[in-house]
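Reader: I am new to this structure, and I would like a close look at a single part of it. Could you take me through the side of one chain that touches its partner, after a short account of the chain as a whole?

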Amino acid sequence: MFEYAPAPESRSVVDIKPAYGLFVDGTFVDPVDGGSFKSINPASEEVLAEIAEGGAQDVDRAVRAARTAYEKVWGPMPGRDRAKYLFRIARIIQERSRELAVLESLDNGKPIKESRDVDIPLVAAHFFYYAGWADKLPYAGFGPDPKPLGVAAQVIPWNFPLLMLAWKIAPALAAGNTVVLKPAETTPLTALLFAEICQQADLPAGVVNIVTGAGETGRALVEHPGVDKVAFTGSTEVGRAIARAVAGTRKKLTLELGGKAANIVFDDAPIDQAVEGIVNGIFFNQGHVCCAGSRLLIQESVADRVLESLKRRMAQLRVGDPLDKNTDIGAINSAAQLARIRELSDAGSAEGAERWSPPCELPERGFWFAPTIFTGVTQAHRIAREEIFGPVLSVLTFRTPAEAVEKANNTPYGLSAGIWTDKGSRILWMADRLRAGVVWANTFNKFDPTSPFGGYKESGYGREGGRHGLEAYLNV
Amino acid sequence: MSERVAVRKTYKLFIGGKFPRSESGRSYLVQDANVSLASRKDARDAVVAARAAVKGWAGATAYNRGQILYRAAEMLEGRREQFVALGVPGDEVDAAVDRWVWYAGWSDKLAQVYGGANPVAGPYFNLSAPEPTGVVAVVAPERPALLGLVSVIAPAIVTGNTVVVATSPTEPLAAVTLAEVLATSDLPGGVVNLLTGRITETAPTLAAHMDVNAIDLTGVTDAELAADLEVKAAANLKRVLRPAPADHDWFADPGLGRMTTLLETKTVWHPKGV
């Protein structure tokens, strides 16, 4: 076992202001009722900044600004010019990538190697990809003259703050809509830096509005009669409430919700690669991933070998300072999320599953949870049914491919699935039968702006990414 | 010689490929016939039949589904006079046949138009393809009774979904006759299930049913009922096709939207390497 010297990324590259207003109509403004909340660093519990809490009047102001911008500027603008603004944004994100990565890790708790190598590059790529669509919409397969919807209300989660912003804003703007976006209350900082990037790009005022706040702010936004489109990424429970809230309106709705993905390992799989995929599947981003491979299904004949190898690999994972370049697993995003992970893990033990974590020293301050696996899990256990959204893996076994399909699909969710086998025909046979929107075969947790992402069943509807992602923002 | 007495037809439900009466034993008088008045239990039974049919129908080859649907168009054409006798205008029957043929042809083409390869930035095979969502509940438009019905059933089933349809309450005879067309078209039992009766009775059961994947509210004209059904549909996040506008032109090109709303897109990744 190697000893690693600390290799922290410098935080001096970011300049966090003591307080942030709402970004409405191109400028930062104070909320009407003056409320605010604090965003903290989950790795240290240090307060990072005071954030404005948007109320109903602020939401109204933002929606009006977005409407005016849609009617006067962005709607009439040729796609060619909309594209150029999006290209500008993509370039500025690339230019300021170090700053964005550090800020994301500070506010979210994710390891710098992930924000630096995954989140921010994908953000830039997403804007770059959709920029190119802005002047090609008639060729997207939605008819010769597809129209934008108008004002989009977008509510995003805290697990990939800037990446989820990109997934929402880039296609919306490319299609000719204007947006009001509410970032998650625990991770608003990169969205506010993005607002500055919009200013730097000279994006016309009102095209992008960022209203920070918690659930009530989001509700006011989603229920505002002046929005034409609602896009939400988050929990299935809130997604259901939003689906009810837009019932009877003409608001177009897309939802990207929870998951409980099966990661299925067959006896002929290359074990070392599969173990890397299992680790990536559940411990990437502390398991705060809706498509995380949180149910490991191992073919019985290789279960002992896979588990032994997995445990050995888990013992090498480095948990700690998100800004340290050697860190594999960062901080849990909030005290509330840590409490949820603990509660479900305790339920796992109480219901009779066997819990294991590698020896692992956790920092004293901040929110931390050691990588954990449960063996002896049955399909009835809560940890096999409910989304934990943390670094906790439930291990089940199967004997035949048909049994694997049966168990994998035995969930109300249907976001993603993984298959590990050397046999091509079996991959395709399995892929046909898994009821999930994304199937990773001999890989896991791969994302790309050209590749549609989204769920079956209660994991939501609509797709983000690719040509399909435009459909959510066009009147088709 | 006395004049021959005609044999009258009994108009019943169509569930699982069979023609049962309503389990409630009820009927209602409409278009000069006693038509089965479907109950909530009939709606649930129809969902069970539709679910049982998903595996075979979704698993059939696209070519096979196209063949069967084309066969249905042949049977529909053959009954042209029967529909006219029920009061369906001749041009509507023609349009319904043409619409059915149009959709039948999509079975083995939509995946190429709506799916495809994604050029990801890495050494991966990456393909997106549409798949059926599963069981679809449909509230058919009140009229045109035949063209409207065909225009909501064909796009749902051509891609591999199965349907439970609440038919036009005021003109149900065309629907029951269409069921006879489908029953003689090699369409597996349960792929299409038809419930005659009151929308207000069957639709809420279908909208709230946890084993229904999507709901098409095209035929719902009461805005309050439509909103209520959409709220119920949110319980398991059904895909929702909202009501058609009152001035919808059923003879116009329907586009792909009716098919694509009832589809899921599955994206498969695999590394490339030696």
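This is a predicted model: local features need pLDDT of at least 70, side-chain atom pairs count only at pLDDT 80 or more; totals for chains, interfaces and linings use all residues.

Author: Residues are numbered from 1 along each chain as its sequence is written, and chains are lettered from A in the order in which they are written.

Chain A holds 15 helices and 18 strands, which are DSSP runs (H or I, at least four residues, for helices; E, at least two, for strands) numbered from the N terminus.

Turning to the part you asked about, 33 residues of chain A are in contact with 27 residues of chain B, where contact is counted if C-beta atoms, placed from the backbone, lie within 7 Å. At least two residues of this side of chain A come from each of helix H8 (236-246), helix H14 (424-433), strand E17 (438-441) and strand E18 (460-461). By kind, the residues on this side are 15 nonpolar, twelve polar and six charged; Ala, Val, Leu, Ile, Met, Phe, Trp, Tyr, Cys and Pro count as nonpolar, Asp, Glu, Lys and Arg as charged, and the others, Gly among them, as polar.

Strand E17 of chain A also runs parallel to strand E10 (residues 263-271) of chain B, joined to that strand by three bridges, and strands pair if DSSP finds at least two bridges between them. Within E10 of chain B, B:Val268 is the bridge partner of A:Val439.

Terms used:
Two residues are in contact if their C-beta atoms, placed from the backbone, lie within 7 Å.
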